[in-house]
There are 2 protein chains.
Amino acid sequence: MKALALPLIVTLLVSSVSAETTATGDFGLIVERAKGSVLLIDQSERTVLARIEGLGDLSHASLVYSSDERFAYVFGRDGGLTKVDIVTRSIVGRVVQAGNSIGGAISDDGKLVAVSNYEPGGVRIFDADTLQLVADIPTDSKTIGLVDAPGRRFVFTMWSTGETWIADLSGELEITKISNMGDRPYDALITANGRTYIAGLFGEDGLTALDLWDEVPEPIRVLPNYGRGQEEMPVYKMPHLEGWAHTGSEFVLPAVGHHEVLWIDSNTLQETGRTQTYGQPVFAMARPDGRYVWVNFAHPKNDTIQVIDTVTKEVVHEFKPGPAVLHMEFTSRGNEVWISVRDAGKVMVYDTHSFKKLSEISANSPSGIFFTARAHRTGL
Amino acid sequence: MKALALPLIVTLLVSSVSAETTATGDFGLIVERAKGSVLLIDQSERTVLARIEGLGDLSHASLVYSSDERFAYVFGRDGGLTKVDIVTRSIVGRVVQAGNSIGGAISDDGKLVAVSNYEPGGVRIFDADTLQLVADIPTDSKTIGLVDAPGRRFVFTMWSTGETWIADLSGELEITKISNMGDRPYDALITANGRTYIAGLFGEDGLTALDLWDEVPEPIRVLPNYGRGQEEMPVYKMPHLEGWAHTGSEFVLPAVGHHEVLWIDSNTLQETGRTQTYGQPVFAMARPDGRYVWVNFAHPKNDTIQVIDTVTKEVVHEFKPGPAVLHMEFTSRGNEVWISVRDAGKVMVYDTHSFKKLSEISANSPSGIFFTARAHRTGL
């Protein structure tokens, strides 16, 4: 393993807050992007338990959970990796580990936390207990699409060189490099079983998949006549790939720059249909049972949600939660969905079967919502 | 809703034990079948935290978890429904709700616990908080194959009449009855997305599936030339249907009375292959990523496990954990498997990638192992 390459700013805070005896399986965190804080919520009770502040720049933040559902590792845009204890409701560790970072992942055994960095480019891997650096993998490129894969592996991709690297930490660090993923990959996802890794391309049409079950994965072209096209298109219109839905036998992909979602057979990776939508889709997320896909849209149509039946591929419901719908999170068994409505300063809770609004929760510019059940899933 | 039909023996115990504030996301319970007790374990630490006693006859016990992963509802063979608080490590409620029962389920919103009864036949549904009876559904038949389905529904089947009932509790109780499931269904399962319900038949060959996404589900025959056959076969050789593996695009079914497992396409429900095994399979369980299926066997070959690659359908590993391998439970992200070896008085923990034994945990006649991550899954 490589030694620490750059000086790190490490702050370890000892918590002095105690809380009632409780279990955390139905808790969640809501990112308050403007304030650098997170709200701890109880999903079953639909209540806010605490606000935890001091997490730095959360303008494009995401987080993962420890396998005991006690700790959240929050990845800030400013390179900050903050460890939050949701039992004591406090920050218990913080490392400013790079200048500009974008996302992270946790290994399947819960022991390693990896962060993807733009500046300097590369991936840094930390001990989940102590936040001490375990491995530093510089890449000479912005690093995108970092995910965890089974077997203590992390997979990530280079914006500049179009290479995907698989870092295996089951023993001594081993890196497998795969070339020719395409021109300027900008984001990637891994399927819930950890088998298929798919990168979206900014510099050319199409996407590129890898079958991680192959001894030596080879790039597989997907939708080669679809994507960015020849027009210059602002990056902010590219859909988040983590917003793809997987409904059992199909993926649902928010189309880039068009008012539609695309359906792809998950075995053959061939297109199986398109559904016209109200606006440019941002997230297309499947209810956990895969029966319906919920879609939100880019500005100026970002006040609306459409719900699509995955059998008929038709829109069956449309409603307006409010201004700037940024994110949706389903309960693990799909009975409720929580929706961030940034400019309303609220998170709305809906019954996913009746579409009835169940509750509203005040939050300061809410963006990402993350329930602790994510601790038990791959690639989130 | 029907009123209470039979007198119940209700015992509510108030806990006086306090415990440290903790998170329970990596906890689990191991059934000690001979002693009427359960062991509370910490999966990450591979340690026993407590033994909780007084749960009655656990000779064919199973359990489900509340959505906050704090409470376990344990279904005993003697009709006992016991609510265990794994934070305070004590029994907080117990109802002897029938004379002979077999399994249960919890609704997707976590509010209702249902129990399947042989004597008297039927299903009883309880408030998950108080264990008060909410609905009593007598059936005039032993009731088998009780599972939860999305939308506050429970699905179960009649041994005598071959009917499957869908009880919808999203509003006032509504029951949909489906006839002609086959001759003497003896067990059933539901797929992880809650879409397909499959019942095994004792009285004739084949199995019967229902697509619960259909308005009015119709029985679909599966493997009509396979199953019990014309020979009389003791019931104890019938594999548990909850032991089916679903590997993404295929089911793996332990063959009845043969030394093989069967592969079935999950879309077409047609057979796609067979793999010869060491003995009569009991459980065929997929590692959560679906790459490998682990199989244990009936007496006298119940000291052995075989691991099958789901791509090649070939056995790639075989080993002998010890006498009377009864159950396997994978960690939620698949890096470890815990295996009950009843007559060794131990639960063995293995790395699922290297097959290395990581630990042994002493337990009294261990059978079922249940990690709290099950709280977030449908149909377990």
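In strand E33 of chain A, the bridge partner of Leu29(A) is Phe370(A). Strand E2 (residues 27-32) of chain A is joined to E33(A) by 4 bridges, and the two run antiparallel. Here strands (E, at least two residues) are DSSP runs, numbered from the N terminus. Two strands count as paired if DSSP finds at least two bridges between them. The model is predicted: local features need pLDDT of at least 70, and side-chain atom pairs count only at pLDDT 80 or more, whereas totals for chains, interfaces and linings use all residues. Residues are numbered from 1 along each chain as its sequence is written, chains are lettered from A and ligands numbered from 1 in the order in which they are written, and side-chain values use heavy atoms, with hydrogens and water left out.

E2 and E33 belong to an open sheet of 4 strands in chain A, with the order E4-E3-E2-E33 and antiparallel pairing. Strand E4 (47-52) and strand E33 (366-371) of chain A are the edge strands, and each pairs on one side only. From one strand to the next, the twist averages 25 degrees. For such angles, axes are lines fitted to C-alpha atoms, for helices over the stretch in contact, and the angles run from 0 to 180 degrees between N-to-C directions.

Arg153(B) has Asp168(B) as its bridge partner in E15(B).

How are the two chains related? Chain A superposes on chain B by a rotation of 180 degrees with 0.0 Å of shift along the axis (RMSD 0.1 Å). This is the relation of a two-fold axis. In chain A, the C-alpha nearest the axis belongs to Ala23(A), at 2.8 Å. The superposition is by least squares on the C-alpha atoms of residues with pLDDT of at least 70 in both copies.

The contact between the chains (heavy atoms within 4.5 Å) takes 40 residues from chain A and 39 residues from chain B. Of the interface residues of chain A, 98% are also interface residues in chain B, so the copies meet through the same surface. The size of an interface is often given as the accessible area lost when the parts come together. Chain A and chain B bury about 3,400 Å² between them, 47% of it on carbon and sulfur atoms. Buried area is the accessible area (1.4 Å probe) that two parts lose on being put together, summed over both.

Polar contacts also span the interface. A polar contact is a pair of N or O atoms within 3.5 Å; within protein, one must be able to donate a hydrogen and the other to accept it, and residues adjacent in sequence count only if both atoms are side-chain atoms. Between chain A and chain B, 20 residue pairs are in polar contact, both residues at pLDDT 80 or more.

Side chains of opposite charge can pair when their charged atoms come close. A salt bridge puts a side-chain nitrogen of Lys or Arg within 4 Å of a carboxyl oxygen of Asp or Glu. The structure holds 40 salt bridges over all chains. Across the interface of chain A and chain B there are 2 salt bridges. Asp148(A) forms a salt bridge with Arg333(B), with the closest N and O atoms 2.7 Å apart. Within chain A, Arg274(A) forms a salt bridge with Glu260(A), and their closest N and O atoms are 2.9 Å apart. Arg274(A) lies in strand E24 (residues 271-276) and Glu260(A) in strand E23 (residues 260-265) of chain A, so the pair ties together parts that are 14 residues apart in sequence.
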